[in-house]
Amino acid sequence: MVRPTDKVAARPRGMPPGWTPAEAAATWARSHPPPFSPRALQATLDGDEHDLRRRLRAFLTSHHSLFAPVYNASLPRFRELSLARLVAICRAGEGAGGGSDERFLSVRDFAAGRASRVLAAHEIAGLADGSMATKLTVQFNLFGGTVARLGTATHHDVGGPPGVGAFLDAIDSCREVGCFALTEAAYGNNAVEMETTATFVGGGSGGGSGRGQGREPGWVIHTPRPAAAKLWITNGACHAGWAVVFAQLETGGRREGVHAFLVRIRDAGGQVLRGVTIEDMGVKMGNNGVDNARLTFDHLWAPRTALLDRFSSVSPTGAYFSPIPTPRTRFLAVADQLLSGRLCIAAMILGTAKLVLTISTTYATTRLSVGPSGASDTPLLSYQLQQRALAPLVARTYAANVLNNFVKRRYSAALAAGGSGLSWAAVVALCCTVKPYTVAVAAETVTVCRERVGGAGFLAANRFGDAVGFVHAGMTAEGDNAVLRAKCAGVVVELMGKGQAGRLYEGSGFDWSGAVGGARFSSVSPLPAGDVTSLAGQAAAFAARERHLFAAAAAAIAASAGSRSALYETLMHTHAMVLQRAAVALAERLALAALVAAEAAAASPADRAAWAAIRSLYALDAMARDAPGFLAAGLPPAAVVTLDAAIDKVVRGGGTGCAPSGVGPCLASYVDAFGVGELTMAPIGGDWLAFSAAGTDGELPPGGVARM
């Protein structure tokens, strides 16, 4: 570890006597003691799996030599390091016989009603390494979760005796690594039209040709042209021995739609199998520890049992059966792991937002700049500019956090209830809005924080570059954000047409805003010119915007519903932005409801006041960012012009020190509640002056940098 800064020899001229980064942080903490409990706020933010989170944080911290970021390395080194980190997490807590006594997560957790374990592990993993977290989400959710959910005993028991689930154990321990081959070069958001085929041959089916002929009944998996190549396949370039391949199932001369197949792509020694071509996609703008691949298949033969057959089956003679009537509905069933994947992505990216806010706020308490006398004796965090830049982002990250907690609870409950019906449709909409919302919050957070720490943010070791790449990957992973918002709005409009939109708010403490479906769109009524700083005023404004946007969306869709071409024109050309804004309005109002619930549940008046300040800042900031939307929904102009002053009052507070209403002076304590702690692993999150003087060539030294 770099030795802490010497108080005498290293003090820059103009700094106060005894100054070091550690002393600056301690001085700030002494002069701004929080009236609330950061640990109580953290318990609410964590929401669930408190022991798992504690254990995983401790594990990552105690294995610093493995998880400390590395920057000046080759592409193969990045990939092997990410795998080593993933394997370490997967095998931590194994029983003596390789069992899952104290493992952090398992592919069985979804079916066992423990999805919260998987999601909590994703959030903490996102603090440590975005590449490793990406490999984790493919291993446990997309690949492993699909095998566990769509497969049957035939697949679960591969490599072991019947009834044991040896293959699921091997996925849990990373002794078998897999990938998820869905996206094709020409079919990203329209995957139902993909071109990869899986043709049943043998058994008298009469279909297919090529290398599968003359073998026992099975599948010939084939990539017909370059447009059908599988792209961005995480784990594929280096580490996966297996793939869940999505392909158009063909048997008996009929095409039955997209199905999932468990296919070997490498042998036990790591050699690529005949009929499989794997190409490395190379260096990316970030996440270079992820080994993304381009996969193609040349008449690859797979046994009949390769079909993941929970919802569809094919007999040895090629007869197809499925209780699901249409190809599109079957595709939605087999691709359903993307839904939990959106929660996994949101959890990982939420961890990144917390990380960069912790780094930036810590640095702002230790980096001194010009004060009233002209000397460098004033922490950056005392400046209005710094507080106004960071405090709203902290409030939005709190909002994204409690929104994620709400959606996770709804998802887990709906999954336990069978995952069907109108409540499930509402959960689909929630999952399709929480991922884009969380990623958008994190993207702005990373950009603003990088700017507010100055040139230090440009050094790779301070982790902003990794954060940018990770967040940008999240914009597209498990569904493009804009496409997901459109899907969310469409599902909500369908629920409105059935009079069931209220299901979106079940368990939130809020009711649906009242927008109804229909071909007519009535004009809005102005809201009362109330106080926008009051909870009642904020709640009314958010409800009015949601009602206004969804009423407009529903009216446009209803008016064009009689014609396929007219409906396409509405969705893609004339009202696409209305759908986008409506989905954002839903996410932001649900987040407000979650903040109100956290405020009401606080155990002490001081904690309740802290939540109230965060809730008010979040609401005011949202109204200021979308002033045109709130004006259109009836917020009086006289109220809009007060927003900036209201935000400043909540940020700066009314007195000295850490007043309950001043989020800015208390910012270090609000950020402390994120629980990042030792996982900052960035020089400016610790004794940055000692780091800069140590001649480290920009790499973290063994043992890291002294924390504050």
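Mentor: The domain assignment of the protein chain gives domain 1 (39-172) and domain 2 (178-330), with bounds taken from an automatic or database domain assignment. This is a predicted model, in which local features need pLDDT of at least 70 and side-chain atom pairs count only at pLDDT 80 or more, while totals for chains, interfaces and linings use all residues. Residues are numbered from 1 along each chain as its sequence is written, and side-chain values use heavy atoms, with hydrogens and water left out.

The C-alpha centres of domain 1 and domain 2 are 25 Å apart. Across their interface, 26 residues of domain 1 are in contact with 28 residues of domain 2 (contact means heavy atoms within 4.5 Å). The second largest pocket lies between domain 1 and domain 2, because both give residues to its lining. A pocket here is an open set of points on a 1 Å grid over the protein atoms alone, with protein on both sides within 12 Å along at least five of seven lines; a cavity is a set where a 1.4 Å probe fits but cannot get out, and lining residues have an atom within 4 Å of a point.

This pocket has a volume of about 500 Å³, a volume being the space filled by probe spheres set on the points, which are joined across faces, edges and corners. Of its 28 lining residues, Asp129, Ser131, Asn287, Asn288 and Asp466 lie nearest the centre. At least two lining residues come from each of H5 (75-91), H6 (115-128), H7 (130-150), H11 (337-366) and H14 (464-476), where helices are DSSP runs (H or I, at least four residues) numbered from the N terminus. Helix H5 gives the most to this lining, with 5 residues. By class, the pocket lining has 12 nonpolar, 11 polar and 5 charged residues; Ala, Val, Leu, Ile, Met, Phe, Trp, Tyr, Cys and Pro count as nonpolar, Asp, Glu, Lys and Arg as charged, and the others, Gly among them, as polar.

The largest cavity has a volume of about 30 Å³ and is lined by Leu150, His259, Leu308, Arg310, Phe311, Ser312 and Val334. That lining divides into 4 nonpolar, 2 polar and 1 charged residues.

Two further details concern His64, which is placed in helix H4 (residues 64-67). His64 and Met132 are 68 residues apart in sequence and 15 Å apart in space, C-alpha to C-alpha. Leaving out residues up to four places away in sequence, His64 touches Met681, Pro701, Gly703 and Gly704.
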